[in-house]
Amino acid sequence: MVTKEKVTLTLPADLMDAVRTLAPPRRQSQFITEAIRYFVAEQQRKTLRERLIAGYATNVKADATIAAEWSPLEDEVWQNHLPVYEDPVYEDEERGYDASNSSR
């Protein structure tokens, strides 16, 4: 069970008018609770995003150096281990198959 705490807030009249318009009388506290939860989650996401950006910016030189060091090996893996793409339409044309006269 969720513990609840009764609080008193002072809000602008126009804001409370909007709440009264959007939420039934017995659901206004729930409405405000959901609005605050949403706002808090957005603030947490914003803070996390800023921390991630700062962390990436701090490590950008080191990351670029590591990527440059591994690039030749990655290219080799792609060239040697990637399956050859075979185009079925092209293969059919080589065998003399005319796709315009047939329904596959």
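## Salt bridges and a pocket

At 48% relative accessibility, R20 counts as partly exposed. That value, like the others here, comes from a predicted model.

Q: Which residue forms a salt bridge with R20?
A: Look along helix α1, which covers residues 13-22. The closest N and O atoms of the pair are 3.4 Å apart, within the 4 Å cut-off for a salt bridge, and the partner is D17.

Q: Is D17 buried or exposed, or in between?
A: Buried means under 20% relative accessible area and exposed means over 50%. D17 has 43% relative accessibility, so D17 counts as partly exposed.

Q: How far apart are the closest N and O atoms of R45 and E42?
A: These two are three residues apart in helix α2, so about one helical turn separates them. R45 is partly exposed at 44%, and E42 is partly exposed too, at 30%. They form a salt bridge, with the closest N and O atoms apart by 2.3 Å.

Q: Which helix gives the most to the lining of the largest pocket?
A: The largest pocket has a volume of about 780 Å³. Of the 20 residues that line it, the closest to its centre are E5, V7, S29, Q30 and T33. The top contributor spans residues 28-58 and gives seven residues to the lining; it's helix α2.

Terms used. Residues are numbered from 1 along each chain as its sequence is written. This is a predicted model: local features need pLDDT of at least 70, side-chain atom pairs count only at pLDDT 80 or more; totals for chains, interfaces and linings use all residues. Side-chain values use heavy atoms; hydrogens and water are left out. On a 1 Å grid over the protein atoms alone, a cavity is a set of points where a 1.4 Å probe fits but cannot get out, and a pocket is an open set with protein on both sides within 12 Å along at least five of seven lines; lining residues have an atom within 4 Å of a point. Grid points are joined across faces, edges and corners, and a volume is the space filled by probe spheres set on the points. Helices (H or I, at least four residues) and strands (E, at least two) are DSSP runs, numbered from the N terminus. A salt bridge is a side-chain nitrogen of Lys or Arg within 4 Å of a carboxyl oxygen of Asp or Glu. Buried means under 20% relative accessible area, exposed over 50%, partly exposed in between (1.4 Å probe, protein chains only).
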